Amino acid sequence: MASVLTQEWNLSVKSRKFNFDWKFQKGDYSDASNIQFDDSDWRTLDLPHDWSIEGPFKQEYASSTGYLPGGTGWYRKKFSVPDSLKGKKVFIQFDGIYKNSEVWVNEQYLGKRPYGYSSFHYDLTPYLTFGDEENVIAVKVDHTDFADSRWYTGSGIYRNVFINLTEQVYIKPYGVFITTPNISASEAEIQIQTSIRNEFGHEAEIQIQHHIKNLDGKEVVSSSSPEIIPAQGELDCSHTIFLEKPTLWSPETPYLYQVETKVIKDGEVINLETTPFGVRHFHFDADSGFYLNGKSYKMKGVCIHHDAGCLGAAVPEKVWHRRLQRLKDAGVNAIRMSHNPPAPELLDMCDSYGFLVQDEAFDEWEHPKNKWVEGWNKGEPALDGYASDFSEWAEIDLRDMILRDRNHPSIIFWSIGNEIDYPNDPYSHPVLEDRYKADKPEAKGMGGIAKRLAKVVKQYDPTRPVTAALASARMSNETEFPDVLDVVGYNYQELRYAEDHERYPERVIYGSENGRHHDAWLAVEHNDFISGQFIWTGIDYLGEARGWPLRHATPGMLDLAGFKKPLYFFKQSEWSNEDMVYAGLTSLKADSYEKINWDHEVVSKWEGTEGEIVRVACCTNCPEVDLLLNGESVGVKKREDFPGGTIYWDIPYSKGTLKAAGIRNGVVCCTHELKTAGAPAKVRLTPDINVLKADKQDVAHVEVNILDQDHNLVFDADHLIDCTIEGPGEIIGIECSNPASHQHYKATSRKAFHGKLLIYVKAADQPGTITLKASSAGLESASVTLEVE
């Protein structure tokens with residue numbers, strides 16, 4: 001049954017999601033763009049959709065992308081357009097298709113888009129039929145070169161699709177650009193540029209109105225002007241509005257205004273666009289770092305990729321909300337979108353949560369990087385990837401990223417590349433000495449390309465600095481590359497900070513990618529000229545695996561399910577202003593005890609052999625910690641006595657309760673407990689919400705814990721959990737976060753890892769009650785109900 005573009009669609013509502021009831025089939029079909037093609041036996045599904053995550057995992061696929069398949073797939077959708085919409089403009093907007101997408105409507109070829117992370121649109125208007133006759137849109141996606149990335153990409157139409165409906169006079173896509181060039185406590189200057197297109201064969205007399213509304217939706221100021229647009233022409237309008245006593249946007253107070261832009265013709269609103277924006281000002285200083293709203297600021301940042309474990313690249317908004325809130329709670333105030341433009345709704349969330357964002361375009365330029373197939377730095381790499389399209393598409397893709405994202409107050413710089421200068425992958429230079437490879441591309445070529453890309457950025461947004469993440473400042477310093485950048489990112493090169501600051505006193509330096517250890521943070525904290533760091537990573541991600549059977553990378557503060565790892569609490573101890581303390585077990589080491597690695601050496605359990613000496617690692621932002629075992633103190637220690645950031649005790653193990661108590665000013669202000677668990681006895685289900693919207697989009701996170709008889713989590717439990725669901729909802733994924741798990745991601749059973757699982761439940765479009773049950777042999781089962789309204 002075809003979808004209908006409803007006759008009652010108000011033209012002031014520009015966009016509607018076009019995600020539901022698509023047909024999909026994996027494989028290549030030479031005639032699938034034909035209107036009469038028979039797709040009756042194809043799957044019916046809703047977008048976003050990622051077919052790679054449906055598996056199966058196979059060792060023959062690439063470790064770089066998580067041992068999951070690529071291939072070719074087709075999507076088709078039938079829809080009708082009522083006669084009342086004749087004379088209107090109809091655009092389709094894709095927020096991301098991975099990759100090499102080709103689109104047809106009614107057998108008319110609309111175009112190809114190679115890059116899998118770009119948002120783009122096509123004008124459907126000339127090819128549509130109206131009335132009862134069906135229209136057919138067909139999309140081919142070619143991801144046959146599946147080993148084309150250093151991380152998991154996904155395959156298919158993995159982001160939202162929209163239909164945009166306008167009159168013949170309309171605001172161009174991404175045609176509103178808002179800047180705040182002058183800000184004081186009493187007044188903010190708001191500049192609004194609007195690009196209008198007139199498709200009529202005669203000039204159009206219109207009125208442009210801008211209404212600025214506050215966070216509560218109340219109008220605070222407006223502006224209006226008459227305009228004349230030539231026939232088949234365009235007009236760029238500029239308005240300046242002064243906003244009194246503005247509330248400034250910052251990570252602490254992410255206050256958002258919005259501009260409601262109206263195009264009025266013959267007294268009727270024919271186009272309306274709402275654009276959120278924030279009032280803030282910032283700058284970088286080569287000697288004293290980053291300033292936001294006049295205040296010195298350190299970026300406490302994380303890098304993230306775009307997948308969510310079992311959900312692949314098609315990540316519902318609710319999943320990102322949960323992840324971002326947890327990062328915020330850890331004290332994170334900045335996010336690097338590594339290494340590609342993100343989903344636009346993720347940037348909306350960063351605006352609302354108050355994250356400073358680095359928006360990044362590319363991981364490689366005109367020469368390919370190594371994509372490891374057998375395992376990280378193992379065997380012969382693949383060389384497929386964006387490099388083959390870079391010369392033709394890079395400036396277009398970069399332009400479209402800037403146009404799409406430039407109104408987000410969260411974005412503070414644009415990155416034109418990540419580790420383009422990785423030594424010998426692909427560029428080389430004699431400064432590398434014995435590592436120099438003369439057969440590799442010459443590093444000096446990076447300077448010219450960087451100039452071209454930076455010019456594109458400045459053309460479409462002159463208000464923000466250009467950056468890039470350097471893997472080898474030593475090599476890049478021999479080229480023009482760093483000189484092109486307004487702000488220079490250093491990846492894992494803390495040891496160069498002081499030397500390069502002295503050598504290049506005008507250069508603004510920050511850590512664009514960094515390790516998780518304490519010294520990397522001290523290099524920020526102890527150097528005013530370093531603006532911040534972005535640790536690798538905020539969240540575990542599929543791909544970049546060390547080799548079979550491991551399928552994903554594990555450097556995150558959160559695991560694939562979004563559960564907090566010990567590293568989460570360690571970074572929280574460095575970054576958060578809220579009192580916290582956390583303890584876990586780690587191995588006994590006679591040397592390097594100052595550098596306990598919280599990303600893989602600390603475990604959250606209290607188990608051992610009675611009387612055996614064990615090491616308890618503790619992180620806190622409190623001055624002191626008292627460690628108690630079964631109610632008895634084993635010693636108070638001061639944080640200042642442990643320059644490595646980790647307090648530790650070597651004590652005899654005894655079954656029971658281990659408690660760390662953070663002390664400030666002589667008062668216990670926070671605690672953390674570990675309890676010895678008994679045998680696994682029961683399953684517990686805990687949802688994050690109990691009511692979902694009946695919109696086919698809302699998602700609940702249901703945590704599965706395996707507990708002993710006293711309700712303690714059994715850390716080592718790995719039982720197979722069987723899940724069933726009844727009612728108006730579906731299980732869209734079950735995540736265990738075990739790097740070596742190859743269970744089918746769309747199955748309804750999964751083995752627990754560290755005593756846990758996460759079940760994602762998505763609501764249908766009908767109200768009712770969902771009943772979710774989880775059971776395992778030998779354990780008491782559990783169930784939970786969720787209401788769909």
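**View 1. The salt bridge between Arg-76 and Asp-39.** In this predicted model, the side chains of Arg-76 and Asp-39 meet at 2.8 Å, N to O, in a salt bridge (a side-chain nitrogen of Lys or Arg within 4 Å of a carboxyl oxygen of Asp or Glu). Arg-76 lies in strand β5 (residues 71-80) and Asp-39 in the loop between β3 and β4, so the pair ties together parts that are 37 residues apart in sequence; strands (E, at least two residues) and helices (H or I, at least four) are DSSP runs, numbered from the N terminus. Arg-76 is buried at 1% relative accessibility, and Asp-39 is buried at 7%, where buried means under 20% relative accessible area, exposed over 50% and partly exposed in between (1.4 Å probe, protein chains only).

Residues are numbered from 1 along each chain as its sequence is written, and side-chain values use heavy atoms, without hydrogens and water. Because the model is predicted, local features need pLDDT of at least 70 and side-chain atom pairs count only at pLDDT 80 or more, while totals for chains, interfaces and linings use all residues.

**View 2. The salt bridge between Lys-140 and Asp-28.** The closest N and O atoms of this pair are 3.6 Å apart. Lys-140 belongs to strand β10 (residues 135-143) and Asp-28 to the loop between β3 (22-26) and β4 (43-45), so parts 112 residues apart in sequence are tied together. Lys-140 is buried at 17%, whereas Asp-28 is partly exposed at 49%.

**View 3. The salt bridge between Arg-452 and Glu-395.** Here the closest N and O atoms are 3.1 Å apart, and the pair links helix α4 (residues 445-460), which holds Arg-452, with helix α3 (residues 387-405), which holds Glu-395.
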